[in-house]
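Hi everyone, thanks for coming.

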Amino acid sequence: MNTAFTTTTTAPQSVSVRIAGDLDYETIDELVDVGSQLLTQQNELSDLHLDFRETTFVDSAALSGLLLLHRRTTQAGIELHLVRRPPFLDRVLQVTGLFGHFVPADDAANDGDPNSVGQASSGEARAR
Amino acid sequence: MLPTAEPGIPLESAIDWLSPAHLRLVARSSAPGRRESVNAGGPVAGRKFEAHHATLPSGDVAWSLVEDAGHVLREAQHALTREQERAEFLLEASSVLMASLNVDRCREATALLAARDLADAAVVVAPASRGRRMPVFYCDHAGTLEQRSVDADPASVTGLSEALHGVPPMPSRWIDAATLPDWLIPTGFPRPVGSVLIIPLPGHGVSAGALVLLRHAEEGEFTDGEEVLAGLFAARAGAALSAARLYAEQAAITRTLMRDLLPPALHPVHGVEFAGAYRASEDYEVVGGDFYDVHPAADPDGETLVVLGDVCGKGLEAAMLTGKIRNTLQALTPLAADHQAVLELLNGAMLSTEHARFATLVLASVANRDGSVTVRLTSAGHLPPLIVRNGGRVEQADTGGTLVGALPDIEARSFETTLAPGETCVLYTDGITEARGGPLGDHMFGEQRLASALAECAGVPAAAVVERVMMLATQWVGQQDDIAVVAITAPRRTHLTAVDGHTPGRFTT
């Protein structure tokens, strides 16, 4: 299964990394590298979005990598957003008690699927 | 024809071997008719020529040079055969030496090959591993192997201690074979030893030992070509020996770690059944990131602490963290009345700034209260345990919390329940539910499938529940992560009290 990371810069302050495929033991290091490079290269960056819509699997090693990335973005004063999360990712975040850590309450209200206006409550529903 | 011969240049400098022959010929007899035949031959511009003389009518001598093509060809063929034999020998040596990762077999093979093709006898001196005793392997030309453990000072043999330190060998002719100590000569080797060659067996950074080649007195000394071949052979043997040694060291480390890191076999404690099973991921080492432990209560009324968890990552690195967590939790067992406190202490001990390696785990405090068993469960970021009720209902323990080792502050919510006789609480790792397989090979086993399987395990002993779960997971998967399961089962009462209408299934089927 091929995993691909696609980086899109929407504004100088905002970058989105789309994760397609399995995010696991074998692929997480690359994502952490991609993210860490963005932190050092883009001085004006204020928001880093990880787009999980095409992600098929997340294992514990991947969570560890996301925690590391979160730590680095926080230190750099950048907000890390986990967006378009599939239900299985929300479930993993809830079981591990990390949902609140990765998804701030105001994010949870509107990032379930940015494309579907009017379903703002879906992300929050999953949070419970 | 003679590249250096130009008008005015003396013959001696143009072709140095011809003029002495000419002078000899002329000197033998001044009378041209009585001259004897003089044979001459030598190289001209790298080719070999024979020189034939003829006396001209004038009395002068004419030399005709004829290239000795046959000789050149014979030499070339000979050299080619020799090279082919060398290449064949080295090729065979490589494949024989690489066939075994056992250090002693490798040393034997080195002595055997060297004694057969390089000398009349060969001795492999291995560096002393502990203390002064050096393992020494002997082999004679007939292939008879002998091994001894020798307590001797290598410095007493010229060239040996140098070879053992990887210093390039000195030429054989510099070593007086008569000074060799007895321990370096195979039993039955006829004395005196004719000549000896001592070469290092180079390893990866450290010497893998020294190879000593012995020749009978009637054989000649080692030629330069033979010393080169022996050096090439020693390089291969040294590489094979150090690979074998590295492997042996790795295997020893893994064995030592595994002894400590593999989860224990479980036994009933104070009347409560405990059973556990663990299998490491096939792709990695035998030890992995899943673990469980049971810390029995000191007295029958006390709480037994069960721990089951999963460290992120795989292999030896994960196993090391597993060991650390298990030790910490064992030390914290006396505080297990407060799961939250135990988890906070563990979390603090694991926090690191360099990485975000974490663990998810479940704590279960189990106490036997007159046949029914109370279980207090706390999940720290782990999948909630499942409880198999009599009658086949499967409940998910309502516990949740933050994983440990990643965040400075953690939360945890405990769940308490009572197991009636025959009821089971199952703790498991995500290796089971995330096992990919099934008819199409890429479906996860999933929590639902596990719950359905457990529903059929109502009233079944703990060991059988564990066996069943492991079997299903194994059947399901193509590729899989580490998996661990622990089952806690309340003791069944006697048959008479069990058949009371509340415990159907087990005794009625």
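Predicted model: local features only at pLDDT ≥ 70, side-chain atom pairs only at ≥ 80, totals over all residues.

Residues are numbered from 1 along each chain as its sequence is written, while chains are lettered from A and ligands numbered from 1 in the order in which they are written.

Back to those helices. Helices (H or I, at least four residues) and strands (E, at least two) are DSSP runs, numbered from the N terminus. The axes of H3 (residues 69-98) and H4 (residues 103-117) of chain B come within 10 Å and cross at roughly 160 degrees. Axes here are lines fitted to C-alpha atoms, for helices over the stretch in contact, and angles run from 0 to 180 degrees between N-to-C directions. That crossing makes H3(B) roughly antiparallel to H4(B), a label for angles over 145 degrees.

Who meets whom? On the H3(B) side we have B:Phe89, B:Ala93, B:Val96 and B:Leu97, and they meet B:Cys106, B:Ala109, B:Thr110, B:Leu113 and B:Asp117 in H4(B). Contact means that C-beta atoms, placed from the backbone, lie within 7 Å. Those residues divide into seven nonpolar, one polar and one charged. Nonpolar is Ala, Val, Leu, Ile, Met, Phe, Trp, Tyr, Cys and Pro; charged is Asp, Glu, Lys and Arg; the others, Gly among them, are polar.

Now the sheets. In chain B, five strands make an open antiparallel sheet, ordered S6-S5-S4-S8-S7; strands pair if DSSP finds at least two bridges between them. S6 (145-151) and S7 (193-200) of chain B each have a single partner strand, so one side of each has no neighbour in the sheet. S7(B) pairs with S8 (residues 210-216) of chain B over seven bridges, in the antiparallel sense, and B:Ile198 sits opposite B:Val212 in S8(B).

Chain B also has an open antiparallel sheet of three strands, S1-S2-S3. Its twist averages 35 degrees from one strand to the next.

Last, the contact between chains: 13 residues come from chain A and 18 residues from chain B. Helix H2 (residues 60-75) of chain A gives the most to chain A's side, seven residues.

Terms used
Contact = placed C-beta atoms within 7 Å. Parallel < 35°, antiparallel > 145°, perpendicular 65-115°, else oblique.
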